[in-house]
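Please look at the sequence and the structure below, and keep both in view while reading the questions.

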Amino acid sequence: MLVDILGIIIFLVLFVAFVFLGFYGSRWRKGNLNNITEWGIAGRRLGPYLSWFLIGADVFTAYTFVAVPSLAYASGSIAFYAVPYVAIVFGIAMLTMPRLWQVSRNKGYITASDFIKGRFNSRFLSIVIALTAVVAILPYIALQIVGMQSVLTVMLYGTANAATVSEIALIISFIILAAFTFTSGLRGVTLGSIFKDILIFLTVIVIVVAVLTSYGGFTSAFANIAKLKGSAALPYSTLPAASVPAFFTLFLGSALALYLYPHIINGSLASNNKKTLRKSLSVLPIYSIGLALLALFGIIIYAVPSALAIVKSTGNGLLTVPALIVTVLPGWLAGICLLGVFIGGMVPAALMAIAAANLLSRNVFKEFKPKMSGKDETRLAKWLSAIIKFIALAFVFVAPLTYAIQLQLLGGIIILQLLPAVFLGLYMRKLDWKSLSLGWAAGLISGIGLVMFANNFGALVTSDVKTGIGLLYIGLVALAVNIIISVVGSYIIEAVGARRKGIIKESELVRDINVKTEVS
């Protein structure tokens, strides 16, 4: 085994500590966990540092931790789109999340679909937005499991029955995750996110220091890339001109999409006030430093022959970071860092499942059973959260890895189609639900159609489409179609006097207005 017995013991001991924090969440800042506001968004009681850790948990996920270095390992500089993406996303969040938090606090909302229903007075639009968000997030949950699998694959590398042991370990982990999420809700996830982020930042720092001091650093890495890649080494040292449009549209599209995902909105609405939320968002760019270093792992692995051999022998670039951990760090420290990546999948998966369950329980099931009590709504959300986790786990077990990655490519394009209703809806009161619905449908159809066309109606390996100015991220192209139809259509409907007015007052978007008691 690549990890010694001391490393495995430390991994297990720290995992038990993480589980304890998850269950302790039910006793931390006690609230009525039969209330969906308390269970699903921690009663809106998180301060700036807790909010920062919780939101950051969705930037440094297990899949991000393996996918970004894997992209850099395989394709070079294009992977660094993740750096400006996180650097600018806080600006988008600053413009949208405090405003959404304010109206949600005033009206007792806990999801974006709650806001959409009130803003546009449309039950239909609220339901389709909720279902769209759930569809977009499911493959994201599955890919967190893929990130966890990469850790177990390296830990069990070369052992008999490694695949079976890995699957058993994942099943046990998800039973535990489902149990403490059921009992503690977002409180347990928040405590886990602090523990996880500390280990993740430690991992990034110690790997960079170890490689720079003991393996020749970037000089050695680029020399080996030139030797191994020959003429194909150029994208590792510079961004080719042909890739510039794809790079810019990819990081812009990713930045616009992040705060549309329900788990990110969920984390934002858990803040205790707007000032707190703004503080936590203002320091979010710190994560861009971590992501920059993370992307560099895909380069520096070329300076570590033993780690490179593991990745090449398995043919799996997702093992880049775990392979570096077990080859450049002592066993005890490798155990700590591997656990950081492992629970880096569990924390976001729990938050995503909570957010998806909130949407389904509150904005889908309750729409068809309006007399459902607050307690029943919360109980349903708890069970849905557990079911969603195990659906994602089963998908990873029975479907090839490529399927999950392909669905995630579509997920990013799908989630972007919520932007007109959510982000523009926060500022443009004359938007109409009918044109927004048409724009949403046109965005989905054009986005999925372009993805199929770009991949020659075969396996999905790219989310870029060729245009006269180069490759462009399809999500932005589809979003442009959506926005044009939504905005132009709304003004036409307004002009003929057919717009249905919403029930949210403009003042409720910007300041406290007779704050509603949140009972359901």
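Predicted model: local features only at pLDDT ≥ 70, side-chain atom pairs only at ≥ 80, totals over all residues.

Residues are numbered from 1 along each chain as its sequence is written, and side-chain values use heavy atoms, with hydrogens and water left out.

Q: How many salt bridges does a search of the whole structure find?
A: A salt bridge is taken here as a side-chain nitrogen of Lys or Arg within 4 Å of a carboxyl oxygen of Asp or Glu. With that rule applied to the whole structure, the number of salt bridges found is 13.

Q: Which residue forms a salt bridge with Arg 187?
A: The closest N and O atoms of the pair formed by Arg 187 and Glu 38 are 2.5 Å apart. Arg 187 lies in helix α9 (residues 186-214) and its partner in helix α2 (residues 36-41), so the bridge ties together parts that are 149 residues apart in sequence; helices (H or I, at least four residues) and strands (E, at least two) are DSSP runs, numbered from the N terminus. Both residues are buried, where buried means under 20% relative accessible area, exposed over 50% and partly exposed in between, with a 1.4 Å probe and protein chains only. The partner of Arg 187 is Glu 38.

Q: How many residues apart in sequence are the parts that Asp 114 and Arg 362 tie together?
A: Asp 114 forms a salt bridge with Arg 362, with 2.6 Å between the closest N and O atoms. At 8% relative accessibility Asp 114 counts as buried, and Arg 362 counts as buried at 12%. Because Asp 114 belongs to helix α6 (residues 112-120) and Arg 362 to helix α18 (residues 331-368), the separation of the parts in sequence, in residues, is 248.

Q: In which helix do Arg 379 and Asp 376 both lie?
A: Arg 379 forms a salt bridge with Asp 376, the closest N and O atoms being 2.6 Å apart. Arg 379 is partly exposed, with a relative accessible area of 38%, and Asp 376 is partly exposed as well, at 35%. The two residues are 3 residues apart, about one turn of the helix, and both lie in helix α19 (residues 374-398).

Q: Which residue in β2 is the bridge partner of Val 465?
A: Strand β1 (residues 464-467) and strand β2 (residues 470-473) run antiparallel and are joined by 4 bridges, where two strands pair if DSSP finds at least two bridges between them. The strands form a hairpin with 2 residues between them. Within β2, the bridge partner of Val 465 is Leu 472.

Q: Which element supplies the largest share of the lining of the largest cavity?
A: On a 1 Å grid over the protein atoms alone, a cavity is a set of points where a 1.4 Å probe fits but cannot get out, and a pocket is an open set with protein on both sides within 12 Å along at least five of seven lines; lining residues have an atom within 4 Å of a point. About 50 Å³ of space lies in the largest cavity, and its lining includes Ile 110, Pro 262 and Leu 359. α13 (262-269) and α18 each supply at least two lining residues, and the largest share, 3 residues, comes from α13.

Q: Which element gives the largest share of the lining of the largest pocket?
A: The largest pocket has a volume of about 1,200 Å³, a volume being the space filled by probe spheres set on the grid points, which are joined across faces, edges and corners. Of the 38 residues that line the largest pocket, the closest to its centre are Leu 71, Tyr 81, Leu 250, Leu 409 and Ser 463. The largest share of this lining, 7 residues, comes from α4.

Q: What kind of aromatic pair do Phe 247 and Phe 248 form?
A: Rings of Phe, Tyr and Trp (its six-membered ring) pair if their centres lie within 6.5 Å, and planes under 30 degrees apart count as stacked, over 60 as edge-to-face and the rest as tilted. Phe 247 is buried, with a relative accessible area of 12%, whereas Phe 248 is partly exposed at 45%. With 5.8 Å centre to centre and 80 degrees between the planes, the pair of Phe 247 and Phe 248 is edge-to-face.
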